[in-house]
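Please consult the sequence and the structure displayed here. The briefing that follows is arranged by topic.

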Amino acid sequence: MGRKVTVATCALNQWALDFEGNLQRILKSIEIAKNRGARYRLGPELEICGYGCWDHYFESDTLLHSLQVLAALLASPITQDIICDVGMPVMHRNVRYNCRVIFLNRRILLIRPKMALANEANYRELRWFTPWSRSRHVEEHFLPRMLQDLTQQETVPFGDAVLATQDTCIGSEICEELWTPHSPHVDMGLDGVEIITNASGSHHVLRKARARVDLVTTATAKNGGIYLLANQKGCDGDRLYYDGCAMVAMNGDVFAQGSQFSLDDVEVLTATLDLEDVRSYRAEISSRNLAASRVSPFPRVKVDFALSCHEDLLQPVSEPVAWEYHRPEEEISLGPACWLWDFLRRSHQAGFFLPLSGGVDSAATACLVYSMCCQVCEAVRRGNQEVLADVRAILDQSSYTPQDPRELCGRMLTTCYMASENSSQETCSRARELAQQIGSHHISLNIDPAVKAVVGIFSLVTGKSPLFAAHGGSSRENLALQNVQARIRMVLAYLFAQLSLWSRGARGGLLVLGSANVDESLLGYLTKYDCSSADINPIGGVSKADLRAFVQFCLEHFQLPALQGILSAPATAELEPLANGQVLQTDEEDMGMTYAELSVYGRLRKVAKTGPYSMFCKLLTMWRDTCTPRQVADKVKQFFSRYSMNRHKMTTLTPAYHAENYSPDDNRFDLRPFLYNTRWPWQFRCIEDQVQQLEKKAQRDLDSLD
């Protein structure tokens with residue numbers, strides 16, 4: 001009697017609205033699953049249209065093309081004799097739902113709508129979809145004619161039900177439902193469902209993978225059962241990178257681990273597991289069995305199909321594996337690099353242009369491109385034909401095969417040091433040395449003629465010549481002269497990105513890379529429309545502390561000794577005059593706070609959801625050993641004044657890889673006004689009242705000691 005089942009889950013690099021490519025990747029994953037003996041295949045959330053369609057979900061075209069892809073899947077011989085579980089939007093009784101469509105041999109078994117929609121941070125599912133709120137309820141869904149002709153079905157079950165095959169029972173969760181306080185898998189497991197599936201569209205955030213794995217293993221440890229998780233992988237058209245981590249777990253252990261980052265468009269995991277292990281595991285948990293005896297049953301859709309074979313006695317089963325996690329600096333080296341690759345190949349550009357200043361941030365960005373080149377060479381070495389074809393298309397060289405990351409970097413990355421009279425020889429040397437070590441095509445130029453020309457126009461019109469503060473000018477003059485330099489660098493970056501390959505006799509243009517980190521963006525410590533304005537920014541969601549750890553990792557992992565000097569040098573914009581050839585201006589002095597403090601403010605503002613007064617209260621205890629209440633108050637006031645004064649800069653922030661939960665990205669993640677009362681009179685008065693009370697109490701305590 002059969003009891004061993006082989007199941008498959010996958011991570012697919014789907015692309016929003018790329019119906020043709022999405023279809024081919026789905027078919028390839030099903031074919032691989034079948035070849036490995038699987039009789040059930042799970043795919044990512046909304047895999048047919050791609051998760052990141054956003055307001056395209058409102059369009060009837062998106063629904064129509066999703067149905068057309070479903071029809072192609074149903075008609076394909078590849079999908080025969082395997083239960084296929086695919087994700088797509090479905091309109092039921094004029095309401096749009098985020099659904100799983102489960103079919104077998106050209107017949108749709110069940111359409112299962114999502115019941116808990118993700119609607120926080122980067123997610124806006126309630127904008128496009130309605131949650132299915134009728135627990136354990138099934139209705140008839142009338143199929144469109146294009147599907148009726150294929151399936152010979154007029155209606156199919158639609159709702160919260162489970163599949164009862166000849167040998168087991170399968171239930172579905174969709175992404176967010178795993179993260180809810182009372183997940184569907186709890187009651188499904190109590191009702192005898194032995195295989196739980198979860199189709200996800202879960203994006204990367206630094207240090208998030210452990211939470212995802214813990215949720216799955218804990219679910220199966222408490223209730224027993226097999227759990228399959230599928231996820232999207234890659235950049236599907238915006239700031240997010242979906243980080244795979246497909247997995248198969250059973251009874252608290254992981255039996256198959258998918259990669260978190262890779263250039264493979266299709267990754268399939270299979271595991272062969274014994275259903276009797278689930279049944280015996282559950283048998284001895286008496287508290288679970290008592291709860292199971294009281295649970296309300298789910299509607300069951302009977303399926304005349306078995307996941308197991310009759311003669312499986314000698315079939316080997318999968319063994320548990322220990323999940324291998326990446327360190328945060330490894331996550332940075334891999335995630336943004338994969339995101340850059342997807343962006344480059346899908347935008348049909350010929351490479352990247354990076355203003356390289358000799359500082360940590362632009363060096364980190366350069367290292368990410370080099371890491372991308374390393375991953376490309378490794379993928380080609382392993383025989384990935386899609387990556388090889390993409391490289392050849394990007395470089396317009398049909399016979400080229402990359403082997404050396406440094407050589408490839410020379411073809412794909414142009415770096416440029418843009419000197420001014422305020423630049424030091426040290427930063428120029430550091431930029432040049434790093435470019436040599438990673439192999440980028442490096443340019444050095446001087447922007448002084450352009451700066452003098454622009455300032456000269458102002459002087460010609462007004463009769464006034466602004467001066468730096470070091471030369472007796474006001475703070476307004478000083479800031480304006482710094483900003484002119486920064487903005488001219490942006491203009492030159494785009495000019496060279498468009499024409500530098502042309503000047504070398506090569507085709508195409510380059511994507512301009514920005515390199516402002518998340519802490520500087522939070523405070524607004526950047527010039528609007530300077531080199532922070534670019535096409536994309538791979539480090540815009542990474543903190544300064546994590547970037548420094550990443551650069552240290554690159555120094556050791558990629559053997560780039562130039563990074564040692566970059567790490568040891570103070571961070572500086574080099575926009576003010578030098579003193580005897582030495583840099584006096586530093587970032588932290590300009591900001592009036594340290595990068596470490598900025599990270600604390602950022603997490604409290606966004607993650608802990610504190611305003612000025614609540615932040616002050618929390619920091620009183622956090623910093624009690626280093627700061628007086630008055631010092632804490634002054635720091636909080638300074639941060640909120642600077643933050644609110646510069647919030648308008650977030651509206652033009654370059655699209656950046658999302659890696660941090662306190663990102664100030666104004667596009668969708670951090671929705672706030674950009675015109676504030678920067679004096680915060682009421683909030684700051686509350687802080688001041690509290691400080692005065694604490695100071696009076698401290699004085700009374702001192703007096704009592706006397």
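**Contacts of Arg136 and the basis of the model**

Asp187 and Arg136 are joined by a salt bridge, with their closest N and O atoms 3.1 Å apart; a salt bridge is a side-chain nitrogen of Lys or Arg within 4 Å of a carboxyl oxygen of Asp or Glu. The model is predicted: local features need pLDDT of at least 70, side-chain atom pairs count only at pLDDT 80 or more, and totals for chains, interfaces and linings use all residues. Residues are numbered from 1 along each chain as its sequence is written, and side-chain values use heavy atoms, with hydrogens and water left out.

- Helices (H or I, at least four residues) and strands (E, at least two) are DSSP runs, numbered from the N terminus.
- Asp187 is buried, at a relative accessible area of 17%, whereas Arg136 counts as partly exposed at 21% relative accessibility. Buried means under 20% relative accessible area, exposed over 50%, and partly exposed in between (1.4 Å probe, protein chains only).
- Arg136 also lies over the face of Phe298, at 4.3 Å from the ring centre. A charge sits over a ring if NZ of Lys or CZ of Arg is within 6 Å of the ring centre and within 35 degrees of the ring normal.
- The backbone of Arg136 has a positive phi of about 60 degrees, although Arg136 is not a glycine. Most residues other than glycine have a negative phi.

**Other salt bridges**

- The structure holds 40 salt bridges in total. Side chains of opposite charge can pair when their charged atoms come close.
- Asp264 lies in the loop between strand E14 (253-257) and strand E15 (266-274), and Arg382 in the loop between H10 and helix H11 (385-395), so the pair ties together parts that are 118 residues apart in sequence.
- Asp264 is partly exposed, with a relative accessible area of 21%; Arg382 is also partly exposed, with a value of 48%.
- Within helix H12 (residues 405-412), Arg411 and Glu407 are four residues apart, and therefore separated by about one helical turn. These residues form a salt bridge in which the closest N and O atoms are 2.4 Å apart.
- Arg411 is partly exposed, at a relative accessible area of 31%, and Glu407 is partly exposed, at 31%.
- A network of salt bridges links Arg605, Lys606, Arg647, Asp670 and Arg672.

**Aromatic contacts**

- There are 24 aromatic pairs in the structure. Rings of Phe, Tyr and Trp (its six-membered ring) pair if their centres lie within 6.5 Å; planes under 30 degrees apart count as stacked, over 60 as edge-to-face and the rest as tilted.
- The ring centres of Tyr370 and Phe558 are 5.3 Å apart and the planes are at 90 degrees, so the pair is edge-to-face. It links distant parts of the chain, 188 residues apart: Tyr370 is in helix H10 (residues 360-381), and Phe558 is in the loop between helix H17 (544-557) and helix H18 (562-568).
- Both Tyr370 and Phe558 are buried.
- Tyr51, Trp54, Tyr57, Tyr123, Trp128, Phe129 and Tyr242 are linked by ring pairs into a cluster.
- Trp54, a member of this cluster, lies in the loop between strand E2 (40-42) and helix H2 (60-75). Trp54 is buried, with a relative accessible area of 14%, and its phi is near 50 degrees, a positive value in a residue other than glycine.
- The charged end of Arg210 is placed over the ring of Tyr325, 3.9 Å from its centre.

**Annotated region**

- UniProt, in an unreviewed entry, lists residues 5-275 as "domain: CN hydrolase". UniProt positions are given in the numbering used here, feature names are shortened, and annotations may be inferred rather than shown by experiment.
- Over residues 5-275, the chain is 25% helix and 34% strand, and the end C-alpha atoms are 7 Å apart.
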